[in-house]
Amino acid sequence: MAIGLLNGKRGIISGALNDQSIAWKVAELAHTEGARFVLTNAPVAMRMGEIKKLSESTGAPVIGADATNDADLEKLFTESTQLLGGKLDFVLHSIGMSPNVRKGRHYTDVNYEWYKQTLDVSAMSFHRMLQAAHKLDSLAENGSVVALTYIAAQRVFPDYGDMADAKSLLESITRSWGYHLGRAKRVRVNSISQSPTMTTAGQGVKGFDSFFGFAHDMSPLGNAPAEDCARYCLALFSDYTRYVTMQNLFHDGGFSHTGITPEVVAKYAK
Ligand SMILES: NC(=O)c1ccc[n+]([C@@H]2O[C@H](COP(=O)([O-])OP(=O)(O)OC[C@H]3O[C@@H](n4cnc5c(N)ncnc54)[C@H](O)[C@@H]3O)[C@@H](O)[C@H]2O)c1
């Protein structure tokens with residue numbers, strides 16, 4: 001039941017590729033809760049056409065931007081504040097891609113040109129977004145920025161490959177920009193570390209289906225669905241979290257603090 005949690009707030013939501021995307025769920029819920037926002041994605045992803053459906057159902061304009069391209073990002077922030085009629089109260093970074101993972105290159109044998117792309121698309125893009133927003137003074141006082149991350153930043157998940165390094169960098173960028181934007185404009189910056197989720201990016205990781213089941217069995221609440229991740233994003237965009245910043249927040253059903261469960265023990269019983 002909608003309560004108007006984001007009434008009057010303006011924002012940018014990146015990364016809605018199709019109706020499985022976490023960003024798609026965030027956009028639907030933000031619309032229901034009264035926000036006005038711009039949708040953005042890489043021009044190549046937009047050509048697939050699905051984002052148009054989301055644009056129609058939420059009334060959100062779409063502005064294409066490659067998150068590794070500074071000129072695109074400047075245009076995104078400039079046009080978004082114009083279209084929405086004011087500065088931005090929230091920004092969602094929901095962007096990730098590793099050519100090494102996609103093409104099955106093992107962590108011990110990465111292609112370094114692809115590795116640079118992994119870091120640029122999945123982590124440096126967050127820095128680029130915030131630098132563009134800051135220089136253009138596009139963020140409103142008391143705004144909130146959220147990036148999506150994964151626990152492979154803290155623990156080794158071998159098939160997550162160089163994305164683990166990208167997520168570590170993303171979480172560090174979260175803290176650093178959290179400091180600078182907090183001082184400058186009381187804008188908070190946090191990352192949400194989400195459970196494995198059945199999306200295009202998630203399913204690109206080798207052995208994802210087995211891992212999804214393992215994580216579910218290792219979480220007292222089970223894996224957190226994308227819809228609930230959207231709820232957590234909205235909580236952070238709302239005025240109820242105005243002193244939460246520079247944090248990496250686990251949204252994983254308890255996975256990050258669980259050592260073993262009867263479900264997993266049963267699988268090893270002789
Ligand atoms: N699915 C999971 O299991 C899971 C778990 C934890 C965190 N995450 C993170 O959640 C975020 C969203 O992923 P998702 O699972 O919804 O998958 P998704 O594939 O639906 O979303 C990834 C998005 O990144 C966009 N993107 C890629 N390159 C881009 C570029 N150069 N410029 C702009 N956009 C670009 C894609 O077009 C796509 O919309 C990612 O950061 C991902 O790492 C996902």
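The structure is a predicted model, in which local features need pLDDT of at least 70 and side-chain atom pairs count only at pLDDT 80 or more, while totals for chains, interfaces and linings use all residues. Residues are numbered from 1 along each chain as its sequence is written.

### The sheet

Strand β1 belongs to an open sheet of seven strands in the order β3-β2-β1-β4-β5-β6-β7, with parallel pairing. β3 (62-64) and β7 (248-251) stand at the edges, each with a single partner strand, so one side of each is left without a neighbour in the sheet. From one strand to the next the twist averages 20°. Helices (H or I, at least four residues) and strands (E, at least two) are DSSP runs numbered from the N terminus, and two strands pair if DSSP finds at least two bridges between them.

| Strand pair | Bridges, sense | Opposite residues |
|---|---|---|
| β1 and β2 | five, parallel | S14 and T40 |
| β1 and β4 | three, parallel | G11 and F90 |
| β2 and β3 | three, parallel | L39 and V62 |

### Helices and core

Helix α1 (residues 22-32) packs on the sheet and touches β1 (10-14), β2, β4 (88-93), β5 (139-149) and β6 (188-194), its direction making about 160° with that of β1. Such angles run from 0 to 180 degrees between N-to-C directions, the axes being lines fitted to C-alpha atoms, for helices over the stretch in contact. Together β1, α1 and β2 make a right-handed β-α-β unit, in the sense that, with the strands pointing away from the viewer, the path from the first strand over the helix to the second runs clockwise. Helix α6 (residues 112-135) lies across β4 and β5 and runs at about 165° to β4.

The largest nonpolar core has 69 residues, and those with the most contacts inside it are I13, A16, V26, A27, A30, L39 and C233; such a core is a set of buried Ala, Val, Leu, Ile, Met, Phe, Trp, Tyr and Cys residues joined through C-beta atoms within 7 Å. Leaving aside its neighbours within four places in sequence, A30 is in contact with L6, G11, I13, A35, F37 and L234, contact meaning that the C-beta atoms of two residues, placed from the backbone, lie within 7 Å.

### Around the ligand

Of the 27 residues around the ligand, S21, A45, G96, A201 and G202 come nearest, where a residue counts as near if its C-beta atom, placed from the backbone, lies within 6 Å. The elements that give two or more residues to this shell are α1, β5 and α8 (200-203), and α8 gives the most, with three residues.

### Two loop residues with positive phi

D137, in the loop between α6 and β5, has a phi near 50°, a positive value in a residue other than glycine. D137 is exposed, with 12 other C-beta atoms within 10 Å. M246, in the loop between α10 (226-237) and β7, likewise is not a glycine and has a positive phi of about 65°. M246 is partly exposed, with 17 other C-beta atoms within 10 Å.

Terms used: Buried ≥ 20, exposed ≤ 12 C-beta atoms within 10 Å, placed from the backbone.
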